[in-house]
Amino acid sequence: ERVEDLNGNFISYSYFNDRGQVYPASVRYTGHGNDPGLFEIRFIRSERPGIVSYERGFKTETRFIIGRIAVYSYETGQAAEVLSYDFSHEGRNGAIRLLSRISVRSARDASVLPPISFSYFSGAENDSGKKINFLKEAVFPYGARQEFFYKPSTAYRLNGGVMQKNLPVMIILPRRTNWKENVHPLFMLVSLLNEVCTDLFL
């Protein structure tokens, strides 16, 4: 699969198919003419307990999860890994896999940045805004901490205009952000944007 702009620059996408399920395999960019592009992103799969579904009207079995994303450079003409994002997952109920941590690793010097970690609502919390298995908190490097709660989306209503609280699409609202003095400016910017979005939705 390929997407090309009016100037002939293109991005190429490839996929992996298994038992009715489709997974991203790679993205190569930015190509032009006979050059397929300098960089490539590869999605490395990890096995997980299979889940069978007929939600799409036919049988699909999900046997894999994305365990790692690797970035490659073709600067020398050969693929060389330069960076990777390693994903850790938390298993629940023998089937659900929730992203629990992201670690960024340099392939050139094997250095690893401090991870970003995530926690989720379990259903035991005394909180009116909780949603089981929805993101509860994200903890960023250098002390940034973001909590979330949820409210029904006003975009989906039943006949008669009644809001449907059980639909899967929810508005995510930041509740509180705690910073340390040495927090990275990038995370401060993200928090500021979150606060602006909150004001718009409320």
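Visitor: Which residues form one aromatic cluster?

Guide: In this predicted model, the cluster is made of Phe16, Tyr23 and Phe64.

Visitor: Why is the pair of Phe16 and Tyr23 called tilted?

Guide: The ring centres are 6.1 Å apart, and a pair needs centres within 6.5 Å. The planes make an angle of 40°; stacked would need under 30 degrees and edge-to-face over 60, so the pair is tilted.

Visitor: What makes the pair of Phe16 and Phe64 edge-to-face?

Guide: Here the centres lie 5.9 Å apart and the planes are at 80°.

Visitor: Why is Tyr23 called buried, and why is Phe16 called partly exposed?

Guide: Tyr23 has 5% relative accessibility, and buried means under 20%, so Tyr23 counts as buried. Phe16 has a relative accessible area of 26%; this falls between 20% and 50%, so Phe16 is partly exposed. Phe64, at 13%, is buried because its value is under 20%.

Visitor: How do you know that Arg45 lies over the face of Phe16?

Guide: Arg45 is placed over that face at 3.6 Å from the ring centre, and the distance limit is 6 Å.

Visitor: What makes E2 and E3 paired strands?

Guide: Nine bridges join E2 to E3, and at least two are required, so the strands pair. They run antiparallel; one of the bridges has Asn17 partnered with Val22.

Note on methods: Residues numbered from 1 in each chain as written. Predicted model: local features only at pLDDT ≥ 70, side-chain atom pairs only at ≥ 80, totals over all residues. Heavy atoms only, no water. Helix = DSSP H or I, 4+ residues; strand = E, 2+ residues; numbered from the N terminus. Phe/Tyr/Trp six-rings, centres within 6.5 Å; stacked < 30°, edge-to-face > 60°. Buried < 20%, exposed > 50% of the residue type's maximum accessible area, 1.4 Å probe, protein only. Lys NZ or Arg CZ within 6 Å of the ring centre and 35° of its normal.
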